[in-house]
Amino acid sequence: MAEYKTLKGFEIQFLESDPANPIVGQVFYNSTTQTLKGVIAGGGPSGTWASGGNLNTARRNLGGTGTQTAALAFGGNNGSALGVTETYDGSSWSEVADLNTVRFGLGSANAAPQTAALGFGGEIVSGPTYQVHTEKWDGSSWTEVNNLPTAISHMAGAGTQTAALSIAGEPTYDASVEFDGTNWTAGGSLNAAKYQLAGCGLQTAAIAFGGRDPALAQTEIYNGTSWTEVADLNTARTNLGGAGTTTSALAFGGFTPGSLAVTEFWNGTSWTEVADLATARRQLAGAGTTSLALAFGGNITPHTAATEEWTLPDTATVSFDVS
């Protein structure tokens, strides 16, 4: 039988602590904890949040899309409805051209890149005054395109500029609506009507989670035709942020009541609680993936400019069951 050293190129080491720079495939014995451990490729519930650059305009109920190093924030509310749009380069935000229609509680195609975003629906003043407006961003300006079929706000969004999905919304609404780059058409109905929820993924493979009323833990998956309820969040909440896909997603922040810092990781089957946000908040936006996510803005009474960056390490250390 071949020795471990022959197969992997290194021996099992006896160490007093886990290595600072582990290598995938490495096996070692931690003599302090008396545990045999191995190093696997990163993934799952092992990431952390770190501070990023603040938005120029503190706000809540804003839209967002892009990646951790190339994100877009637009709209929102800081006491008044806003059209402000900002781009993020991985360290700082820069203000660019405003939305044509100021609003908050709008949806966004949050799988879209920074240079090809889509914003839809929302409200313009408290009241409410729900909106049908849809706008496309081309990297330098917003252009109005065909309206949503129903005036709505506080929905979740998924997809891209040419294949977007609006999910549920306020007033309490159980429908999803699909955008093909030109027109909106009816999609499948959710199993439960809700609003102030989060969503991510693609038009034909989306995930929606949380919402109200009351605060919900429900998670639903969309296959382009119909919604299926799957495992609940561990913490029921509303006004939360999200990022990722149907097989690998993050849910962060929210309200239950009281602002939350709680972050959960979805592995395609179940949710696991992971590292908290540094700033507990609700009504925030999210962008990116479960490896490199971004949380920005939100309500901490009344609103914040704080940005946080989520990073998942390339490796993870696991213990072997030797019983």
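The legends below describe close-up views of a predicted model. Residues are numbered from 1 along each chain as its sequence is written, and side-chain values use heavy atoms, with hydrogens and water left out. Local features need pLDDT of at least 70 and side-chain atom pairs count only at pLDDT 80 or more, whereas totals for chains, interfaces and linings use all residues.

**View 1. The open sheet β21-β22-β23-β24 is antiparallel.** Four strands stand in this order, where strands are DSSP runs (E, at least two residues) numbered from the N terminus and two strands pair if DSSP finds at least two bridges between them. Because β21 (241–244) and β24 (271–274) each have a single partner strand, one side of each edge strand is left without a neighbour in the sheet. Neighbouring strands of this sheet are turned by 25° against each other on average, direction ignored, with axes taken as lines fitted to C-alpha atoms and angles running from 0 to 180 degrees between N-to-C directions. Strand β23 (residues 263–266) is joined to β24 by 4 bridges, and E264 stands opposite E273 in β24.

**View 2. L250 is a buried residue of strand β22 (residues 249–252).** L250 has 0% relative accessibility and therefore counts as buried (under 20% relative accessible area, with a 1.4 Å probe and protein chains only). Leaving aside residues up to four places away in sequence, L250 touches residues including F209, F265, W271 and W310, contact meaning heavy atoms within 4.5 Å. T290 is another of these contacts; although L250 and T290 are 40 residues apart along the chain, their C-alpha atoms are separated by 6.0 Å.

**View 3. Strand β15 (residues 173–179) is largely enclosed by the rest of the structure, because 5 of its 7 residues are buried.** On one hand, β15 pairs with strand β14 (residues 163–169) in the antiparallel sense over 5 bridges, with F179 as the bridge partner of A164 and a hairpin of 3 residues joining β14 to β15. On the other, β15 pairs in the antiparallel sense with strand β16 (residues 184–194), again over 5 bridges, and V177 has A186 as its bridge partner. The hairpin of β15 and β16 has 4 residues between the strands, and G181 takes a positive phi near 100° there.

**View 4. The largest cavity holds about 330 Å³ of space.** A cavity is a set of points on a 1 Å grid over the protein atoms alone where a 1.4 Å probe fits but cannot get out, and lining residues have an atom within 4 Å of a point. Its lining comprises 25 residues, of which L62, M155, L197, L240 and L284 lie nearest the centre.

Terms used: On a 1 Å grid over the protein atoms alone, a cavity is a set of points where a 1.4 Å probe fits but cannot get out, and a pocket is an open set with protein on both sides within 12 Å along at least five of seven lines; lining residues have an atom within 4 Å of a point. Grid points are joined across faces, edges and corners, and a volume is the space filled by probe spheres set on the points. Buried means under 20% relative accessible area, exposed over 50%, partly exposed in between (1.4 Å probe, protein chains only).
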